[in-house]
Each structure stands twice: as C-alpha cells, then as structure tokens.
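Student: I have just opened this structure and would like to learn how to read it. Could you walk me through some of the features?

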Amino acid sequence: ADIMAETITELITRRVVSWEHLKEALNPWLEGLEDMVIDVPNCVAFVDFLIARLILRFGRDFNASILTSLHVEGRDFCWKLLAGGAKKCQDIGGAEGLRK
C-alpha cells in the first residue's frame with residue numbers, strides 16, 4: 001500500500017499526473033470504499049498511506065478535492081480515514097509530519 005502511495009505521490013510531484021487526474025481515478029473507487037472494506041480490509045491502509053504521503057510532500061498545497069467523493073453519510077468512516085492518514089503522517093514524518 002505504501003509503495004503505491006509513494007509512486008502516486010511521485011507522479012504528482014513530477015507533474016506526470018495532475019491532481020484532477022488523481023481525483024478522477026480515485027472518485028469511483030472511494031465511493032465504494034466503505035463497502036469494499038468488507039472484502040478487502042487492507043484497502044483502507046492504501047488511503048491512509050496516500051493521504052499521509054501527499055500531505056507530507058505537499059503540505060498546504062495538498063489538494064483535498066481528491067477526497068470529495070467520500071460520502072458525508074458515512075461520516076464515522078470518513079473520520080476514521082482522515083484520522084488514519086494523520087496517524088500515518090506521524091508514523092512516517094514524526095512530530096513534524098503530524099504538524100503539516
């Protein structure tokens with residue numbers, strides 16, 4: 001999961017892939033993520049790593065619009081994803097990573 005997140009982050013950093021392309025690719029997948037967790041429990045780890053890697057690399061320039069397809073109805077699930085991303089920021093980047 002982390003290797004894929006690093007790869008996507010690098011593609012965006014080098015402007016091979018735009019934030020808009022990432023959003024278009026993630027939207028259909030994120031819409032069904034809560035249901036997918038039943039069959040593929042580790043899929044959440046990918047989202048956690050992706051959020052963390054992108055925040056650590058881009059800081060304030062992180063484009064949160066890539067997460068717009070997360071459903072508001074599943075607020076608890078969305079909160080867990082965002083909290084998981086914050087935890088990974090701390091795990092990867094230490095206290096400085098969490099401050100970003």
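Tutor: Let us begin with Lys23, whose place is in helix 2, residues 19-31. Helices here are DSSP runs of H or I with at least four residues, strands are runs of E with at least two, and both are numbered from the N terminus. Please keep in mind that this is a predicted model, where local features need pLDDT of at least 70 and side-chain atom pairs count only at pLDDT 80 or more, while totals for chains, interfaces and linings use all residues. Residues are numbered from 1 along each chain as its sequence is written, and side-chain values use heavy atoms, with hydrogens and water left out.

Student: What does Lys23 touch, leaving out residues up to four places away in sequence?

Tutor: A contact means heavy atoms within 4.5 Å. By that rule, Lys23 touches Ser65, Ile66 and Thr68.

Student: How many salt bridges does a search of the whole structure find?

Tutor: The search finds four. One of them joins the side chains of Arg53 and Asp2, at 2.8 Å from N to O. Arg53 lies in helix 4 and Asp2 in helix 1 (residues 2-13), so this pair ties together parts that are 51 residues apart in sequence.

Student: Is Arg53 buried or exposed?

Tutor: Arg53 counts as buried because its relative accessibility is 19%. Its place is in helix 4, which covers residues 43-58. Not counting residues up to four places away in sequence, Arg53 touches Asp2, Ala5, Glu6, Thr9 and Ile92.

Student: Which residue does Arg57 meet in a salt bridge?

Tutor: The side chain of Arg57 meets that of Glu10, at 3.2 Å from N to O. Arg57 lies in helix 4 and Glu10 in helix 1, so the pair ties together parts that are 47 residues apart in sequence. Arg57 is partly exposed because its relative accessibility is 41%, and Glu10 is partly exposed too, with 28%. Glu10, Arg14 and Arg57 are linked in a network of salt bridges.

Student: Where do Asp91 and Lys87 lie?

Tutor: Both lie in helix 5 (residues 75-99), four residues apart, which is about one turn of the helix. Asp91 forms a salt bridge with Lys87, and their closest N and O atoms are 2.8 Å apart. Asp91 is partly exposed at 45% relative accessibility, and Lys87 is partly exposed at 47%.

Student: Which residues form the negative surface patch?

Tutor: For a patch, we take residues with over 30% relative accessible area and no salt bridge, joining like charges within 9 Å and nonpolar side chains (Val, Leu, Ile, Met, Phe, Trp, Tyr) within 5 Å. Here, Glu34, Asp35, Asp39 and Asp76 form a negative patch. Helix 3 (residues 33-39) gives the most to this patch, with three residues. Asp35 is found in helix 3 and counts as exposed because its relative accessibility is 56%.

Student: Why does Cys43 count as buried?

Tutor: Cys43 counts as buried because its relative accessibility is 6%. This residue lies in helix 4 and touches Trp29, Leu33, Met36 and Val37, not counting residues up to four places away in sequence. The C-alpha atoms of Cys43 and Ala1 are 7.9 Å apart, although 42 residues separate them along the chain.

Student: And what is Phe46 in contact with, beyond its neighbours within four places in sequence?

Tutor: Phe46 is in contact with Ala1, Met4, Ala5, Ile8, Leu26 and Trp29. Phe46 also lies in helix 4, and it is buried, with a relative accessible area of 15%.

Definitions and conventions: Accessible areas come from the Shrake-Rupley method with a 1.4 Å probe; for residues, only the protein chains shown count as cover. Lys and Arg count as positive and Asp and Glu as negative; His and the chain ends are not counted. The place of a charge is taken as NZ of Lys, CZ of Arg, CG of Asp or CD of Glu. Buried means under 20% relative accessible area, exposed over 50%, partly exposed in between (1.4 Å probe, protein chains only).
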